[in-house]
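Hello,

Here is the structure I said I would pass on.

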Amino acid sequence: MTSRRALLAAPVILAALPARAQDSFPSRPITLVSGYPPGGVTDVSSRAVAARMERELGQTVVVDNRAGAATAVANTHVAQARPDGYTLLAGTTTLAINPALQPSLTPREPMRELAPIGMMYRTSFVLHVHPSLPVNSTAEFIAYCRANPGKVNFGSSGTGAVNHLAQALLAHRTGIDVLHVPFRGGAPALLELRAGRIHAMFQAMLEALPTVRDGATRGLAVSSAQRSSLLPELPPVADAVPGFDAVFWQGLFAPAATPEPVKQRLAAALKASTDDPELRARMAQQGVDIVTGDAASLGAYLASETRLWGDLIRAANIRPE
């Protein structure tokens, strides 16, 4: 009788084991995978949020930089990782861009292959021009481009980069004809803008800030729907082009099959981190707006961004170089 009761009870005991493992999460270090090399704003932000999450989780959160293939190396690594909450992704705007721009890259369906945990940050670009261009606002810039079709050289840090797509979105929404000049990164493009060999660019906030402040370039607007605390005098492009909002963002993702209790634990730790006033103030100095948002809002935002950039890439026939 005793052995029969033990056999009957065994499935109950076995079924409870995963729940117990989830209750003890995390019991070892967590890896946060980034698709960018060390040193940039994305890496700095990832490390700042990871360090703050450590205090909430009671475990080390190690940032693992896996750059390559437009972040597909990192994205794919996490999508294919064991869904236990110990391998996470600092996913960015590229998750919304790659499916349309480079459909051969994986994951091909980020919204199905990755589970959103919560938003981490957003950062805008500065629309700035060489001082020789006789414009002082977005409206004047649009008018100048319309009067000089095909004569304004618009730089970017590479075809398909978010600042290139911001330029393409502006052209698509306003009908202006500008010449896109891609570079290998924002720094060489900025050198050309300062020299006047290109006329305009959407530049990462921290890269544009010194040149705008010293007058080497003229700031016209910011690409986000709201003003930036670093350049509060610059209005949003949306003041001249209603609905314009083109930013670089980062969110926390896990493999799709990660158990709900584990995702909730991670989400709670992330929320406590992004609510931290000290972290917000420190990252604001980097031009980064820390954002608190739950899994549902991040999932909805990824879907919205995927539609926005997918529609633009197809309409403008943008192809990777």
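This is a predicted model: local features need pLDDT of at least 70, side-chain atom pairs count only at pLDDT 80 or more; totals for chains, interfaces and linings use all residues.

Residues are numbered from 1 along each chain as its sequence is written, and side-chain values use heavy atoms, with hydrogens and water left out.

Pocket and cavities were found on a 1 Å grid over the protein atoms alone: a cavity is a set of points where a 1.4 Å probe fits but cannot get out, a pocket is an open set with protein on both sides within 12 Å along at least five of seven lines, and lining residues have an atom within 4 Å of a point. The largest pocket holds about 1200 Å³ of space. It is lined by 45 residues, and those closest to its centre are Tyr36, Ser157, Ala161, Gly185 and Gly186. By class the lining has 21 nonpolar, 20 polar and 4 charged residues.

Gly186 also belongs to helix H8 (residues 186–195), where Gly186, Ala189, Leu190 and Leu193 are buried (under 20% relative accessible area, with exposed meaning over 50%, 1.4 Å probe, protein chains only). Seen down the axis of H8, these buried residues fall within an arc of 100 degrees (taken from the directions from the helix axis to the C-beta atoms), so they line one face. The face turned away from that side carries the exposed residues Ala187 and Leu191. The buried residues of H8 pack against strand E5 (125–129), strand E6 (153–156), E8 and H9, with contact meaning heavy atoms within 4.5 Å. Helices (H or I, at least four residues) and strands (E, at least two) are DSSP runs, numbered from the N terminus.

An open, mixed sheet is formed by 6 strands in the order E2-E1-E3-E10-E4-E11; two strands pair if DSSP finds at least two bridges between them. Strand E2 (61–65) and strand E11 (289–290) are at the edges with a single partner strand each, so one side of each has no neighbour in the sheet. E4 and E11 pair in the antiparallel sense over 2 bridges, and Arg122 stands opposite Asp289 in E11.

Regards

Methods: Grid points are joined across faces, edges and corners, and a volume is the space filled by probe spheres set on the points. Ala, Val, Leu, Ile, Met, Phe, Trp, Tyr, Cys and Pro count as nonpolar, Asp, Glu, Lys and Arg as charged, and the others, Gly among them, as polar.
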